[in-house]
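I opened this entry to get my bearings in a structure I had not seen before. My notes follow in the order I looked things up.

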Amino acid sequence: MGFDLSDLQALMGGSFEEPTGESGGVWVVSPDGLIDDAMLRLIGKGRVVADALGGYVYLLAGCNGAGADTEGAIRAGADKVLTAGGMPTVNELADFFRERQPQAVLLPRNRLGKALGPGLAQTLGGSLCPYAADLAVDPIYQRIVAHQPILDDAARMQVILLAAPAVAVMETALLPAAFNEPWRQGEVGDTQLMWSEPPSHEMVDRPARPITLKTSPVVVVAGQGLTDDAGFAAAMELADALGGVVAGDVTALDMGWIGEESLVGLTGETIGPELVIALGVDGDTSFMMGVAEAGCLVAAQADAGAPIVPFADYNVVGDPAEFARAFAKAARG
Amino acid sequence: MRIVVCMKQGIDPKTVKISRSREELDLREARPQTQPEDKHALEAALRIREARGGEVVAVVVGSRSAEDTAREAVAMGADKAVWIVYKGQRSGKTMTALVKAAVERLGGADLVLAGQGGDLDTAGPLAGRLAAALGWPLIADALRFDVEPAGLYAVAAFEGKATRLPVVLPAVAEVIPGAERPRYPHPSRIAVAWNDGYVETWNAAEMGLEEEALAADAEMGGLVLGAERQRGQVIGGSPEQAAEELAGILRGKRLL
Ligand SMILES: Cc1cc2nc3c(=O)[nH]c(=O)nc-3n(C[C@H](O)[C@H](O)[C@H](O)COP(=O)(O)OP(=O)(O)OC[C@H]3O[C@@H](n4cnc5c(N)ncnc54)[C@H](O)[C@@H]3O)c2cc1C
Ligand SMILES: Nc1ncnc2c1ncn2[C@@H]1O[C@H](COP(=O)(O)O)[C@@H](O)[C@H]1O
C-alpha cells in the first residue's frame, strides 16, 4: 500500500476544509495588504506552526489585498486568504479576531506590525513576543515558543507564549526562504469589512542626531574602489540611510572626497562603532588598525582576495557603489 | 499637565556574557543600569514641562537596586518618582497592569511615555500594550514633542523620514532616541534626589492588584545559541539580493 499524490497533499495540508466557525488556526496579518517576499516567509513560518498544531493557515490582508499576490500566498502555505478594505486599528483587528479565537497571530516586524501587535495581544488577553526571529511548538504541551534575539543576536531567548492568542511580531528577514509549492490549494475570500482609511501624514525631515565620527554608531568608510564622485555619492547616500557618518581611507583623502578629520586608520582616527561598512577599501594593515574595534565590519569591494576579506564579518564581492545604493534602499525599506 | 515616564532598570548588555558550555547567560558581572532609551523619554517629558508647565513623574517597577533608577530620574529633573517594588516575573502583561494601576493611583495622566526596550528585554515594548489597556491613542516612534500655541505636536519617525502629528491627550507615546541628548543630572539635584519625599515606594497590593491580574502571560525558556562570531563570510547574489540578505542579518543583530 502506498500514498498517492492526493494523500500526500492532504497530509501536507494541501487540501482545504473550512473548519467550523473559522476558529483557531494560525493567522498571518498583512495590514496594508502587501504580500511581498517578507510576507511569504511569514506565511511559511505560519505553515510550520500550524502543521505542528494541526490547524489552518489564514492570511488576512488589508487594503482589499491591493498588491496582494494571493496565488503566491497559497503556494507559500496559506489555506485561506481573506481580504478587507482599509487598514485595521488595534480595536478593529481585535474585534475581528475575538470570535475566531486564533491560536497564533503573526505580524511582520515593520511599522504597522509593531504598532498593532502589542495592543492586539493586550486587548485579546493573549501573549506577546514583540521581536521574534523564529517560532516553534513544543511537542509535549503544544505551546508556542518564540525565539527572541538578544545581545545582537548572539543568542536567542526562548519565550513561551502561555496565553492564546500567541501574538508574534516577527523579523521576517531572519526567516528561511518562502515555500513555493504549486500543488497547494487554497481559497480566496473577502471579509466584507471596511476598516478605517489609513491616516494621511504631514511629512517633515527627520531631526538629525548630532553625530561625529567618534560618536556615530555607524560609519561608512569610502575607498578607492568607489572610483568616482558618483561612487562616493552612493557612500553618502548609504550613510544617510543608516543614520551614520561618512569617513574614508587615504585614497579617499587623495581623491578629495573627505577631509583629514574624516580619515580612518593609522595616521587618522581609530574608531570602534557598532557597525562599519567599508566600500571599495582593500584593507591594508594601516587601515585595519583604525577599525579593529568595530563591533561588526561589512566590506564591499571587487576583489575576492583582498586583505580585508578574512577580517570582515560579512563581505560582498562586487561593485561597491552598486551595493551601496541597493543597501541604502534595503535599509530604508 | 501630568506626564508619566516609564523607566526601567535593565542590565548593561556589555556586562553580560554567554556561557557556551552551560548554554546560559553568564550574569556574574552583570551591572544594572537605567535603560539608556528611557532617559530619552524622560528628556522629552522634561522639555514639555519646561515649555508648558506641569509635573513629570517617573514610574519604575523593580526590586532593590531599581531604586537607583528612581533616584536618577529625580536627579535628572523629574518632580518625583514612584518605585513599585515587585519581585515576581515581569511579563508584558504584568508590567502593563502595574503601570496602569500606578497611573490611576496618581490620579491619571495626560501623557505616558515609555522607551522601546533594550537588548536583553523580553517583556516587550510597554507603550503599545499600555495604550490598549488605557484605551488611549498610541504614538509610535516619537522623536520629539513640540509645544505650540495650537497644542502639542509629536514628530515621529516614519518610513525613513518623519511625520508631524497633533497629540490628542490623553495619549501614550513610545519614545525613541531623537536629536535631543538626555541631560546629565544637575549636581544640586543629585544631592537632593536621595532626600525624603522624592521617591514614593508602592507595591501591587496597595494598588489593589490581585495575583490574577499580574500572572505572567509568557515565560522565559532556555537559550538557543547562535554561531560564534565568524569572520570572512561572503554573501553572494546580485547587489540587491546581497543587500536584502545583509539588511536581514544586521536587523537581527539590531545594528539597523
Ligand atoms: C535575557 C534576560 C532578559 C531579561 N529581561 C528582563 C526584562 O525584560 N525585564 C525584567 O524586569 N527583567 C528581566 N530579566 C531579569 C532581571 O534581570 C532580574 O533578574 C529579574 O527581574 C529578577 O529581579 P529581582 O528584582 O528579583 O532581583 P534583584 O536581586 O532585586 O536584582 C537586583 C538587580 O541585580 C541584577 N540581577 C540580579 N539577578 C540578576 C539576574 N539573574 N540576571 C541579571 N541581573 C540580575 C539586576 O540588574 C537587578 O535589577 C531578564 C533576565 C535575562 C537573563
Ligand atoms: N521595570 C520597569 N519599570 C518601568 N518601566 C519599564 C519597566 N520595564 C519596562 N519599562 C518600560 O517599557 C519600555 C520597554 O520595556 P522593555 O522592552 O522591557 O525594556 C521601557 O523602555 C520602559 O519605558
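This is a predicted model: local features need pLDDT of at least 70, side-chain atom pairs count only at pLDDT 80 or more; totals for chains, interfaces and linings use all residues.

**Ligand 2 and its shell**

A backbone N or O atom of B:Gly115 sits 2.9 Å from an oxygen atom of the ligand. I then looked at how much of ligand 2 is covered. On its own, ligand 2 exposes 470 Å², and the protein buries 98% of that area.

Next I asked which elements give two or more residues to the shell around ligand 2. I found strand 1 (2-7) and strand 6 (55-62) of chain B. Strand 6 of chain B provides the largest share, with three residues.

I went on to the residues themselves. The ligand has 19 residues around it, and the nearest are B:Cys6, B:Met7, B:Gln35, B:Asp38 and B:Val61. I checked two of these for polar contacts. For B:Cys6, a backbone N or O atom lies 2.5 Å from an oxygen atom of ligand 2. For B:Val61, a polar backbone atom is 2.5 Å from a nitrogen atom of the ligand. I also sorted the shell by class: ten residues are nonpolar, six are polar and three are charged.

In what order do the four strands of the open sheet run? I read it as 6(A)-7(A)-8(A)-14(B), with antiparallel pairing. Strand 6 (134-137) of chain A and strand 14 (218-225) of chain B are at the edges. Each has a single partner strand, so one side of each is left without a neighbour in the sheet. I noted an average twist of 30° from one strand to the next.

I took a closer look at one pair. Strand 6 of chain A and strand 7 (residues 144-150) of chain A are joined by four bridges, in the antiparallel sense. A:Ala136 has A:Val145, in strand 7 of chain A, as its bridge partner. Helix 2 (residues 37-53) of chain A packs on this sheet and touches strand 6 and strand 7 of chain A. The helix direction makes about 10° with that of strand 6 of chain A.

**Strand 9 of chain B**

I followed strand 9 (residues 138-148) of chain B to two partners. With strand 12 of chain B it pairs in the parallel sense over three bridges. There, B:Ala142 has B:Val175 of strand 12 as its bridge partner. With strand 10 (residues 151-158) of chain B, strand 9 runs antiparallel, and six bridges join the two. In this pairing B:Asp146 stands opposite B:Tyr153 of strand 10. A hairpin through two residues connects strand 9 of chain B to strand 10 of chain B.

**Backbone exceptions**

I finished with the backbone. Most residues other than glycine have a negative phi, and most peptide bonds are trans. I looked for departures from that pattern.

Is the peptide bond from A:Ala164 to A:Pro165 cis or trans? I found it cis, with omega near -5°. A:Pro165 is in the loop between strand 8 (155-161) and strand 9 (166-170) of chain A.

In chain B, the bond from B:Leu169 to B:Pro170 is cis too, with omega near 0°. I placed B:Pro170 in the loop between strand 11 (161-166) and strand 12 (171-175) of chain B.

My last stop was B:Glu23. Its phi is near 50°, a positive value in a residue other than glycine. B:Glu23 lies in the loop between strand 3 (17-19) and strand 4 (24-26) of chain B.

Notes
Residues are numbered from 1 along each chain as its sequence is written. Chains are lettered from A and ligands numbered from 1 in the order in which they are written. Side-chain values use heavy atoms; hydrogens and water are left out. Two strands pair if DSSP finds at least two bridges between them. Axes are lines fitted to C-alpha atoms, for helices over the stretch in contact, and angles run from 0 to 180 degrees between N-to-C directions. Contact means heavy atoms within 4.5 Å. A residue is near a molecule or strand if one of its heavy atoms lies within 4 Å of it. A polar contact is a pair of N or O atoms within 3.5 Å; within protein, one must be able to donate a hydrogen and the other to accept it, and residues adjacent in sequence count only if both atoms are side-chain atoms. Accessible areas come from the Shrake-Rupley method with a 1.4 Å probe; for residues, only the protein chains shown count as cover. Ala, Val, Leu, Ile, Met, Phe, Trp, Tyr, Cys and Pro count as nonpolar, Asp, Glu, Lys and Arg as charged, and the others, Gly among them, as polar.
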